Amino acid sequence: MDSGRIRFFLSEVWRNFTRTLIMQLTAIGTVTVTIALLGGFLFTRQTLGAIGDDVIKKIEISVFLTDGASPADARTLAAKLRADPRVKSVTYVPKAQGLREMRERLRGQIDTSLLTANPLPDALRVRVVDPERVHEVAAFARKQANVANVEYAQDAVQKLLRISDVLGRIGLGIVALLVFTAAIIISNTIRLTVFARRREIAIMQLVGASGFYIRMPFICEGFIAGVLGAALALALLVTARLQLLPKLIVALPFLPMHAVNIDGLTFALELLGTGAAVGVVASWFSVGRYLRA
Amino acid sequence: MISLRGVTLVYPNGTRALDAIDLEIAKGSFVFFVGHSGTGKSSLLRLLYREQVPSRGQVTVDAVRVDNLRRSKVPQLRRNVGVVFQDFKLLSDKTVWENVAFALQVTGARTRDVMRQVPRVLDLVGLAHKSRMFPSELSGGEQQRTAIARALVNNPKILLCDEPTGNLDPANTNEIMDLLHRINLKGTTVLIATHNALVVDRMRRRVIRLDDGKIVADEERGYYHAAVPASVALAGDAAEPGEAPKPIRSIINGLGANPLLSE
């Protein structure tokens, strides 16, 4: 490859690209939308996953003891629960400590000086090994002697587990569909640009250009469209993250956003690579179909 | 140089374009293919650069079997066979120079070769001074000369011309035929399919007549109208196959023979 040949090749790519600009913009726009949705989806899923893990890790069962239960009764119960393989840890919280913690939690939200008497019973805090079995452990604890009541975020846990599972499946389907759609649209766009250049292609074939040489400019264009589209999508995603995330943290303070840690560079490269691959594969097929016809 | 053995070409719609053709053409020949439209002249030329594959028979071009040539070998064949058409097939957004250079560049030629070959063929066709012009700024004859330069830039041994003067007036036609003659004198084998009787009769070269996909006459130093009475050949020329003969009045009008007869 001497510089003249490279210059000719690039000028041909550029000439074709600008001549079919509207079609190229269509392809780029398609990639942008697809990759933005894909990226947004991946990001959301990762965030929800991280939040879910965080919440689930903190799930604990509060086992409230009857008023008449002595500290010895509490210790017996704690030992029995600890012996269960599904239980990770058991902490004894006497009523005085429970009140202290409650005052701590509610500080600034209500006037804690109003809490003069202690309404809390003695309690055990139980953490489980596997969050999915939290209700089993809760049922087991409820059956024990000296237990007045058992509380845990049952609904929240089950919903979170279900949501993250369903999201994972739906998401996979959506992503596949999106990529497929993008490939179809790009391949159609490239077919239009191939059609717009059928005279050049006919002459290239007539004078003995190799199939590779005829294909190459189209593949390059598919690549450019794919990468440009993905880059635009990435810009959209970064903007959205910078603009929305701070607001989200303020609006939904109970979500542990700090737990979400995404490797931005890998993420960006994955999206760019997907865009490029979609563009190249789509143009390869559409040119191939035209050349064989 | 070129040989066809028992070549039959049947199109998917059942049309028998060529029927058991046997033909030998020597290196350096200058050959006319004549006959009515649809008798297989263009189909025969298309076999030679593998735009078409015969249904049966062998086609050999410059010692290469073309009828069963692998797809990947086709570009190599095309670089050895230049092709010129009635409608020139130039790229309108490229200059004369770019149109000719294009044929070299897309085969991956080195820039050094492009810079040497393009001026050579533009000189040969007499268009060196118009190399920066676009096809729309050229006369028909100049456009065809550009197309010929493009066909020759890869130094092919064979030049195929399908109705090269079909769109040209008599002056441009003579100019193109003189050019093709000069190219032939330099050693290139030139094959021309034409309807132009004057061109054929003026050149007096080998004439191969096709009718209904068969070779019906093959003469060294032949004429366009061979043994057929001139009047019959003329009437036959005016009508496409399958078309009803034109009414005599329209033929006369077309000739502009008598102004009193036209409305």
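A residue is called buried if 20 or more other C-beta atoms lie within 10 Å of its own, exposed if 12 or fewer do, and partly exposed in between, with C-beta atoms placed from the backbone. Helices (H or I, at least four residues) and strands (E, at least two) are DSSP runs, numbered from the N terminus. This is a predicted model, in which local features need pLDDT of at least 70 and side-chain atom pairs count only at pLDDT 80 or more, while totals for chains, interfaces and linings use all residues. Residues are numbered from 1 along each chain as its sequence is written, and chains are lettered from A and ligands numbered from 1 in the order in which they are written.

**Stop 1: an enclosed helix in chain B**

Select residues 96–105 of chain B, helix H3(B). Nine of its ten residues are buried, so the helix is largely enclosed by the rest of the structure. Show side chains for Val96(B), Trp97(B), Asn99(B), Val100(B), Ala101(B), Phe102(B), Ala103(B), Leu104(B) and Gln105(B), which are the buried ones.

**Stop 2: the six-stranded sheet**

Stay in chain B, whose secondary structure comes to nine helices and ten strands. Six of the strands form an open sheet with mixed pairing, in the order S6-S7-S8-S3-S9-S10. Strands pair if DSSP finds at least two bridges between them. From one strand to the next, the twist averages 15°. Axes here are lines fitted to C-alpha atoms, for helices over the stretch in contact, and angles run from 0 to 180 degrees between N-to-C directions.

Inside the sheet, pick strand S3 (residues 30–34) and strand S8 (residues 189–193) of chain B, a parallel pair with four bridges. Phe32(B) has Ile192(B) as its bridge partner in S8(B). Now bring back H5(B), which lies across S6 and strand S7 (158–162) of chain B and runs at about 165° to S6(B).

**Stop 3: a hairpin**

Select residues 2–10 and 16–25 of chain B: strands S1 and S2, antiparallel over six bridges. Leu9(B) has its bridge partner in S2(B) at Leu18(B). The two strands form a hairpin with five residues between them, and Gly14(B) in the turn has a positive phi of about 100°. S1(B) also pairs with strand S4 (residues 56–61) of chain B, antiparallel over five bridges.

**Stop 4: the cores**

Next come the nonpolar cores: sets of buried Ala, Val, Leu, Ile, Met, Phe, Trp, Tyr and Cys residues joined through C-beta atoms within 7 Å. The largest has 96 residues, and those with the most contacts inside it are Phe33(B), Leu48(B), Val100(B) and Leu160(B). Helix H8 (residues 211–251) of chain A gives the most to this core, with eight residues. Another core, of 16 residues, lies apart from it and includes Ile61(A), Leu65(A), Leu77(A) and Val134(A).

**Stop 5: the four-stranded sheet in chain A**

Four strands of chain A form an open antiparallel sheet in the order S2-S3-S1-S4. Its edge strands are S2 (87–93) and S4 (147–151). Four bridges join strand S1 (residues 60–65) to S4(A), with Val63(A) and Val150(A) as bridge partners. Across S1, S2 and strand S3 (123–128) of chain A lies helix H3 (residues 71–83), running at about 170° to S2(A).

**Stop 6: where the chains meet**

Finally, show both chains: 14 residues of chain A are in contact with 15 residues of chain B. Which helix of chain A gives the most to this side? Select H7(A), which supplies five residues.

Methods
Two residues are in contact if their C-beta atoms, placed from the backbone, lie within 7 Å.
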